[in-house]
Amino acid sequence: MVKYILILAISLITFFNTPPDYSWKLNTFALALFILLFLFLYKDSKDKNQFNFNILFSISFLFTSFIYPVFFFLTNTYDIPFFVYGFNKEVINKSTMIALIGYNLYCIGAFNALKTKRKFTFKNKKYYNKINILIVYILFFLFLSQVGALNLLKSDYGGTNTWGGISRYIFFILIAFLWVTVIIELNNKQEQTIIRTILKMNKWLLCLILLYCSFFLIVGNRANILSLLIIIVGYLTMHVRKMNTKVLSLIILTGFFLLSLLSLFRINKDNLSEDIWRNRSGSAQSILSLGSDLMISNYTLYLLVDDANMNGYTYGHTMVGPILGVFPFMMSSYINISGDKEENLTSSLYITEKTLGNQDVGLGTNIVGDLYLSFGLPGVCIGLYLLGLFVNRMRIYASTRKLSYNIVYLIMLSWSIMLPRAEYFVYLRGLTWAIGVFLIISTFHNIRIRQKFHL
């Protein structure tokens, strides 16, 4: 713990004495401290499975906060999309230090959670899953019939994504059921090797996974495919075979390349300025540029920090959206009753509206900027500390093999890469609905057991 506190003290002193003008040395110093914190956390975790939340989250956090100011700002300022719109360069130093302090608190939270000892292991309880698979099939084709495959293709590639209403809620239910069904199937069919486990899985479910991934790959939606694959790999590497560093490194490099390639095909030139398109097309000049999708989040971090410093904090107003989104139709009801605007309820819509106006293209957001916009540096510290504490406790509890803990941890794991470039509570709806689905499945499972044995 002492080493984390020492780096935190250094970071805070540096933060309060940060010069307004951009300093390459300061940002490089922050990057060095970040790497040191990561190595400390890696050592303290003592986890033989390298495919875990801490590592994936840290790699993504690295690109969303530290790579751009050190390796791109001086020589390729506008090589990353959206930076051509301009920003206040005087906030770069402070933004980098805020991100470093936030990551430091994340590591402290993770370290405190890792002291939790696993005192017991649950028996591998199996659940009847065929009905769940049928429900997922029905939801998937119902979703396609509601939204229309061609319309979805057009909206996702064009950036408009106008489908909503009942179709949106069908999709959210589909995602929750699919995640839980896949985790239950992996739990039911677990064998001693990954190949045997996959081959033993329900063939109809495997076909559905293939169909689901193929469809969203054609659509150009990377997040839905990535989250499902992370859940599957996460379970297999946690309970069947641990993943070593070499395999993880190969997967990360391949993933960066494929996601960057997919994003080049997905972007519609009509919705972006010619400068952005030209810079995006030429951004494959270096290996680090493969993470340009994540580095875009540096831009929103600078905008959000600058806005908070200039206009004051929103005190949670821009974090209300993901919380209201947990409850069906609550967002629209709140807007109708209060007269509030939707763009004021999430930091991503808030900063897009203020920067670009009412356009189809969104800037996205940044987890550090999202917390800072609402509550300043204390909010960043508390929020990321709680995140590190919560996720790592769930990881330890998931190792006990209790399915409910596995569902919580694996869903959080599925957000590990996207979370640094998203709102702090972005996972809340998916996690809550998945837990709700599992509770319903567990209830029917217990009823079925009682009826079978006449209890």
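Modeller: Before we dig in, contact here means heavy atoms within 4.5 Å. And keep in mind that this is a predicted model.

Colleague: Why is H8 called largely enclosed by the rest of the structure?

Modeller: Buried means under 20% relative accessible area. In H8, 20 of the 23 residues are buried, so the helix counts as largely enclosed.

Colleague: And how does the reach of H8 compare with the one expected at 1.5 Å a residue?

Modeller: H8 covers residues 166-188 and reaches 32 Å from its first C-alpha to its last, close to the expected 33 Å.

Colleague: On to charges. How many salt bridges does the structure hold?

Modeller: Six. One of them joins Asp44 and Lys3.

Colleague: What makes Asp44 and Lys3 a salt bridge?

Modeller: The test asks for a side-chain nitrogen of Lys or Arg within 4 Å of a carboxyl oxygen of Asp or Glu. The closest N and O atoms of Asp44 and Lys3 are 3.5 Å apart, so the pair qualifies. It also links distant parts of the chain, with Asp44 in helix H2 (residues 24-45) and Lys3 in helix H1 (residues 2-16), 41 residues apart.

Colleague: Is Asp44 buried or exposed?

Modeller: Buried, though look at the number: its relative accessible area is 19%, and the cut-off is under 20%.

Colleague: Which residues are linked in a network of salt bridges?

Modeller: Glu191, Arg196 and Lys200. Glu191 meets Arg196 at 3.4 Å, N to O, and Glu191 also pairs with Lys200, with the closest N and O atoms 2.6 Å apart. Both distances are within 4 Å, so both pairs count. Arg196 at 45% and Lys200 at 42% are both partly exposed.

Colleague: Why is the pair of Phe15 and Phe16 called edge-to-face?

Modeller: A pair of aromatic rings is described by the distance of the centres and the angle of the planes. Pairing takes centres within 6.5 Å, and edge-to-face takes planes over 60 degrees apart. The rings of Phe15 and Phe16 have centres 5.0 Å apart and planes at 75°, so edge-to-face it is. A search of the whole structure finds 44 aromatic pairs. As for burial, Phe15 is buried at 7%, whereas Phe16 is exposed at 61%.

Colleague: Where does Ser227 lie, and which residues does it touch, not counting those up to four places away in sequence?

Modeller: Ser227 lies in helix H11 (residues 222-239), and it touches Trp179 and Ser414. Ser227 and Ser414 are 187 residues apart in sequence, yet 4.4 Å apart in space, C-alpha to C-alpha. At 7% relative accessible area, Ser227 is buried.

Colleague: Last one, backbone angles. What is phi of Lys46 near?

Modeller: Near 55°, a positive value in a residue other than glycine. Lys46 sits in the loop between H2 and helix H3 (53-65) and is exposed, since 74% is over the 50% cut-off. Phe329 also has a positive phi, near 65°. Its place is the loop between helix H15 (320-324) and helix H16 (330-338), and at 45% relative accessibility Phe329 counts as partly exposed.

Notes. Residues are numbered from 1 along each chain as its sequence is written. This is a predicted model: local features need pLDDT of at least 70, side-chain atom pairs count only at pLDDT 80 or more; totals for chains, interfaces and linings use all residues. Side-chain values use heavy atoms; hydrogens and water are left out. Helices (H or I, at least four residues) and strands (E, at least two) are DSSP runs, numbered from the N terminus. Buried means under 20% relative accessible area, exposed over 50%, partly exposed in between (1.4 Å probe, protein chains only). The expected span of a helix is 1.5 Å times one less than its number of residues. Rings of Phe, Tyr and Trp (its six-membered ring) pair if their centres lie within 6.5 Å; planes under 30 degrees apart count as stacked, over 60 as edge-to-face and the rest as tilted.
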